[in-house]
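Trainee: I would like to go through some of the terms used for this model and check each one against its definition.
Mentor: Go ahead.

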Amino acid sequence: MSDGTATVEDLDVRLEKHRVELTGYCYRMLGSSFEAEDAVQDTLVRAWRSYDKFEGRSSMRSWLYRIATNVCLDMLSAGNKRARPMDLTDSTPLTQAALNPRPDHTWLEPMPDARVLPVVEDPAEAAVAKESVRLAFMATLQQLPPKQRAVLILREVLAWKASEVAELLGTSVPSVNSALQRARATLADSDGAAARAATSDPLDEEQQKLLERYVAAFEGYDMTALTALLHEDAVMTMPPFDLWLSGPEDITGFMTTLGAPCANSHLVPVAVNGLPGFAQYKPDPETGGYTAWAVQVLETSEGRITGFHCFLDTKRWFPLFGLPLNLEGDADKTE
């Protein structure tokens, strides 16, 4: 940069303040935590390198979104669609349960709220942002062709005008409106999971009590108490395995058979995908402490748990959430 160190530092600050919202955008586009962060880093590097050519004909924010959109569309050109286990296979009866892993790029990935949800003052805006990163909605987004996905996110989630989206994508307003209509039709035709997740109860006093009961039931491995908290159509998933279970009987049956080593676990609250979640630490007999086992994401509706999603690749997820891979025993349980 020709204007000296101060200008370089100022530009870095100006670019960096957009990181969280850009990460949220790229995450919705890509369905991957790590690919989203890579895409944002690529976006900021491209912006830094080409800033001399930025003539201010648009705002820096819209310029950055244009770069980020192009980065994401390039990354999506291979056609991979990330999914949840229930998007790929039928549920498996407990008697036939088998843990078959699939490659990492198969799965929709969890994301800490703090990395994708900017702090906003408007409660309605904050609610829309949270709903738009929930797992069920994210899975539905992945069904859309990439450009429809971009249009839907920009118009419906970020509230851009059709003319602004048309300029960003280098197309016409009628083309943007047509893409939005097709995207809305796809979402309307998807199963009820996205709609159910979008109307999940807010974290009010009633839901907080539900979560407290869940922690007590899970840490105590009390299957009777857990059954009382599960919706009759509740599902359990465990990426990277494609197995998923439906209904309280199969879920608790799994937990007392193949999942039995999770007894006496310790749960640490996390904010993930606009939903309540927990980092699960399993007892470590060798150290007497606890070792990272899963990031749990809970979907709730009408006072019951409807989704129980366990992401097991702890060496990837726990550092993303700023969590240690080991706890030292009872002393850590008070944290």
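Trainee: What makes helix α4 (residues 60-75) oblique to helix α10 (residues 162-169)?
Mentor: Their axes, lines fitted to C-alpha atoms over the stretch in contact, with angles from 0 to 180 degrees between N-to-C directions, come within 9 Å and cross at roughly 55°. Angles under 35 degrees count as roughly parallel, over 145 as roughly antiparallel, 65 to 115 as roughly perpendicular and the rest as oblique. Therefore α4 is oblique to α10. The helices are DSSP runs (H or I, at least four residues), numbered from the N terminus.

Trainee: Which residues of α4 and α10 meet?
Mentor: Ser-62, Tyr-65, Arg-66 and Thr-69 of α4 touch Glu-167, Leu-168 and Leu-169 of α10, contact being heavy atoms within 4.5 Å. By class, three are nonpolar, two polar and two charged. Ala, Val, Leu, Ile, Met, Phe, Trp, Tyr, Cys and Pro count as nonpolar, Asp, Glu, Lys and Arg as charged, and the others, Gly among them, as polar.

Trainee: How are the residues lining the second largest pocket divided by class?
Mentor: That lining has 11 nonpolar, no polar and six charged residues. Its largest share, five residues, comes from α7.

Trainee: How far can I trust the model?
Mentor: The model is predicted: local features need pLDDT of at least 70, side-chain atom pairs count only at pLDDT 80 or more, and totals for chains, interfaces and linings use all residues. Residues are numbered from 1 along each chain as its sequence is written, and side-chain values use heavy atoms, without hydrogens and water.

Terms used. Helices (H or I, at least four residues) and strands (E, at least two) are DSSP runs, numbered from the N terminus.
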